Amino acid sequence: MSAFNAIGADREIEDEEFTPGIEPQPTWCPGCGDFGVLNALKQAMPKVGRNPDEVAVFTGIGCSGKLNSYFESYGFHTIHGRSLPVARAAKLANPGVEVIAAGGDGDGYGIGGNHFIHTARENHDMTYIVFNNEIFGLTKGQTSPTSPKGHKSKTQPSGSAKDPIRPLTLSLSAGASYIARTAAVNPNQAAEILAEAIQHDGFAHVDFLTQCPTWNKDAKQYVPYTDIQDSDEYGHDINDRAEAAEAMYDAESKLHEGEILTGRFYVDDERPSYTEEKQAIGEMPEQPLAERYFDEDTEWDRSYQLLEKHK
Amino acid sequence: MPEPEDLIWRIAGGSGDGIDSTSQNFAKALMRSGLNVFTHRHYPSRIRGGHTYVEVRAGNGPVNSRGDGYNFLLTLGDSFARNPGEDAYYGNEEAKPLTENLDDLNEGGIVIYDEGLLDEEDVEAINLEERAEENGWHVYPVDLRGIAREHGRDVMRNTAGVGFTAALMDIDPAYFEEIISNGMSGEMKEANLKVLEDAYELGQEVEHTHDWSAPAGDGHDEEQVLLSGSDAISYGAIDEGCRFISGYPMTPWTDVFTIMSQNLPKFDGVSEQVEDEIAAAALAIGASHAGVKAMSGSSGGGFALMSEPLGLAEMTETPLVLVEAMRAGPSTGMPTKPEQGDLEHILYTSQGDSTRVVFAPANVEECYTQTRKAFELAYEYQIPAIVAYDQKLQGELRNVPESFFDEEPNADPGSVLTEEEIAEAAHHASDKFKRFLHEPEDGSNVSPRSVPGQEGGRFLATGNEHNEVGHISEDPENRVIQMDRRMGKLDDIREELDAEESHQTYHGPEDADYGIITWGSQQDTVFEAVDHLNEAGHSVKAVGVSDLMPFPEAEMTEFLDSVEHAVVAEMNASGQLRGHIQKELGKYGDKMSSLLKYNGNPFEPRDIVEGFETSLDTGELPHTRMKYVPAAGD
């Protein structure tokens with residue numbers, strides 16, 4: 001018998017299971033795009049077939065960091081920008097657990113930018129959802145790495161002199177093997193994309209456009225919502241790096257003009273995940289690390305054998 | 001012939017000359033010959049060239065410090081002199097290993113220098129002859145490079161130096177032959193053996209002007225192993241079931257990280273070199289959260305980056321073991337020089353009233369046992385534990401009986417529940433597991449935990465203040481209960497430690513009038529000084545403090561009550577341990593003075609002797625390499 005019976009339990013999963021029995025009152029503002037991520041994630045889980053005990057959601061700090069307060073699973077609300085390193089080690093420790101990390105655009109592309117690049121590069125088998133509302137919300141409306149050039153805020157009163165981050169192309173060049181963008185205002189696509197991202201073997205990055213009606217109500221990307229287009233409609237080969245790069249660049253350029261392109265931009269199903277790479281070179285055991293502590297049959301070697309070279 | 005004294009052999013050259021490996025082999029050969037050995041490394045922060053030396057002290061009695069000065073110098077010349085054709089000299093660096101080392105050579109000492117590298121003018125320029133006469137040194141010029149060239153390559157002059165040393169010191173060359181034979185193969189092996197033999201023969205033929213030799217080994221009762229503090233920390237972690245390490249290279253922490261990375265896969269463990277130290281500590285937290293015993297670590301600057309995840313581990317009650325290998329600061333300071341300047345940083349870094357366990361082992365044995373204890377406490381009490389040591393203990397080698405490491409492994413993950421136990425554990429009305437239970441059933445302050453993937457164990461871990469199931473809460477009543485429970489663990493740990501064999505080490509007569517307090521890598525040097533002081537008629541005892549948090553209040557109170565005055569000897573400029581003792585005990589400000597050394601070199605026993613005598617006398621130190629700070633009151 002496994003030490004982790006929740007993992008791989010074979011049964012019908014309902015999306016209500018992911019709503020906490022006694023739900024803390026969400027502190028998100030009315031109309032916040034974060035509700036869209038929460039709902040999409042709940043709808044994605046039955047499609048994936050995972051139950052709450054085998055899912056662990058790691059978040060950073062900010063409005064997005066509260067995701068796992070309202071989502072029933074194992075949760076770890078870490079520190080600003082650090083959800084990815086905590087999450088990826090949990091995956092290495094127990095590959096059977098479904099690991100999802102989430103953060104905001106400041107959290108993920110700003111303070112956590114270094115972790116983002118390296119987690120994508122290593123292609124850890126996990127899903128990373130970035131709530132992209134182009135603003136710092138919880139600290140009350142400062143310019144973020146995705147805020148458009150010229151964006152005025154309390155900390156940049158004359159307007160930002162910086163070009164915004166291009167999260168999709170950054171992700172592609174860093175090495176993510178699944179890259180998509182969706183939007184809170186497109187709930188059906190969002191749930192489908194999250195399900196697909198979670199099922200992908202490798203690092204799946206979903207740039208999730210979330211409106212901030214309190215601090216960023218003028219952002220072009222949310223008005224009008226009807227202009228959203230699906231990536232399937234512009235017909236690039238999502239397995240082709242170069243075509244994907246071009247499509248992403250276009251999508252990112254048009255975002256601030258109010259034309260919103262969403263959907264799957266790049267999928268590489270061939271590339272082995274980091275766990276597989278580590279196992280192939282003999283630096284990662286087949287049996288999950290965590291399981292052995294609960295397995296009475298495990299023989300624990302001691303360092304004594306290493307002393308030979310010290311004699 | 002006089003009583004054989006300890007041989008303190010210093011080999012000097014440039015980085016890249018094989019100084020380190022040669023000295024290790026030399027130490028191992030002497031250990032095999034039946035002597036106790038101790039090594040001390042000194043190296044610059046550069047890859048090639050510069051000035052580097054290693055001392056090997058060997059004797060039949062205990063050799064637990066580098067000793068005072070040294071009595072045998074083998075200089076190889078700088079590595080840049082290896083290819084003279086390339087004009088890669090900087091000034092007169094080929095003479096540097098000779099000139100830079102003479103100041104500390106004891107009276108009557110022996111010098112071997114490489115005649116093949118140094119011209120007569122070089123030697124004349126440094127007045128070697130005059131100085132030798134003044135100090136009674138015995139100088140042996142020998143063409144080490146020539147011998148090396150004859151059978152192999154220039155770089156083998158280290159082997160030539162070892163062979164010549166063996167002849168001058170009456171050491172059986174068979175021990176060196178054996179190490180060369182086992183450690184090398186093919187042409188390399190043959191060439192080195194030839195070089196050794198030739199140099200040894202030459203050393204026997206030259207006229208010996210000195211009349212002392214290395215002590216003959218009395219032998220050991222049991223098999224010995226030659227280990228560094230970093231080896232012992234790594235092996236302690238492995239034996240305690242650590243199967244995950246994450247890190248970012250930084251001197252001197254890199255040592256443990258490298259040893260673990262090279263060995264963990266053999267034990268089905270995982271090692272991760274990651275993007276920075278914030279990530280390194282965060283990964284260890286993630287692995288530990290998911291149910292694996294995990295470790296990370298760094299040195300001063302990298303540890304500063306870990307301050308944030310360290311607090312997260314405290315708040316989420318995730319077990320975590322960190323190693324802090326100190327080097328001289330502030331900032332990047334002196335990368336390859338030891339200091340004990342990070343104590344306050346280690347004790348207090350991170351926001352809020354943070355809690356952690358901090359151990360500072362003093363030698364190889366303590367590195368092993370206290371690392372194991374750090375893991376045990378971290379996983380039982382769900383609290384970060386830090387093993388603090390320094391660049392000195394990181395690299396120095398000592399022989400320890402092999403049987404010392406004959407300890408059973410401990411894979412107990414501490415306060416983690418099995419799924420059966422979770423099913424019977426306290427649950428929230430929402431069916432959520434009460435991970436942060438206000439009042440754990442056993443009356444302790446530890447709320448047992450679950451790990452992701454376990455059925456029925458769902459909870460939220462968060463760095464924000466949280467309620468019993470982990471949800472963010474600013475409820476004042478909950479806040480106080482959770483704070484008190486987390487902080488209460490330190491009292492529980494103190495109680496557990498007090499009930500066991502003490503980590504503090506005492507030396508000298510119990511009823512001594514004066515005390516010396518020290519910590520970490522300086523302990524055994526201080527103990528050696530205490531012996532000298534008592535022989536000289538003083539009445540002194542010493543304590544080496546290893547438990548820095550929770551602090552051994554009762555033990556230290558007893559020690560300080562029992563002496564008229566205590567000198568706190570440590571390697572930093574501000575007397576951090578002394579301040580910590582005063583803070584923890586709330587008194588003794590008028591009873592403690594400080595002896596401080598922070599020039600990049602650890603104390604030698606004679607520094608302590610001198611400093612102690614000064615503290616009784618004028619408060620003026622005769623030289624500038626130390627600072628004395630008198631007692632100041634509370």
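Across the interface of chain A and chain B, 32 residue pairs are in polar contact, with both residues at pLDDT 80 or more. A polar contact here is a pair of N or O atoms within 3.5 Å; within protein, one must be able to donate a hydrogen and the other to accept it, and residues adjacent in sequence count only if both atoms are side-chain atoms. The model is predicted, so local features need pLDDT of at least 70 and side-chain atom pairs pLDDT 80 or more, while totals for chains, interfaces and linings use all residues. Residues are numbered from 1 along each chain as its sequence is written, chains are lettered from A in the order in which they are written, and side-chain values use heavy atoms, without hydrogens and water.

Let's look at what chain A brings. Helix 2 (83-93) is among the elements of chain A that each supply at least two residues to the side touching chain B, and helix 2 gives the most, with seven residues. Helices (H or I, at least four residues) and strands (E, at least two) are DSSP runs, numbered from the N terminus. That side of chain A divides into 31 nonpolar, 18 polar and 13 charged residues; Ala, Val, Leu, Ile, Met, Phe, Trp, Tyr, Cys and Pro count as nonpolar, Asp, Glu, Lys and Arg as charged, and the others, Gly among them, as polar.

There are eight salt bridges between the two chains, a salt bridge being a side-chain nitrogen of Lys or Arg within 4 Å of a carboxyl oxygen of Asp or Glu. One of them links Lys432(B) with Glu72(A) (3.1 Å, N to O). Strand 2 of chain A also runs parallel to strand 15 (residues 460-462) of chain B, joined by three bridges; strands pair if DSSP finds at least two bridges between them. Within this pairing, Phe76(A) has Ala461(B) as its bridge partner.

Now for some backbone details in chain B.

| Residue(s) | Feature | Value |
|---|---|---|
| Thr251(B) and Pro252(B) | cis peptide bond | omega about -5 degrees |
| Met549(B) and Pro550(B) | cis peptide bond | omega about -10 degrees |
| Asn127(B) | positive phi, not a glycine | about 55 degrees |
| Gln382(B) | positive phi, not a glycine | near 55 degrees |

Asn127(B) sits in the loop between helix 3 (120-125) and helix 4 (128-135), and counts as partly exposed because its relative accessibility is 39%. Gln382(B), in the loop between helix 15 (364-381) and strand 13 (384-390), counts as buried at 0%. Buried means under 20% relative accessible area, exposed over 50%, and partly exposed in between (1.4 Å probe, protein chains only).
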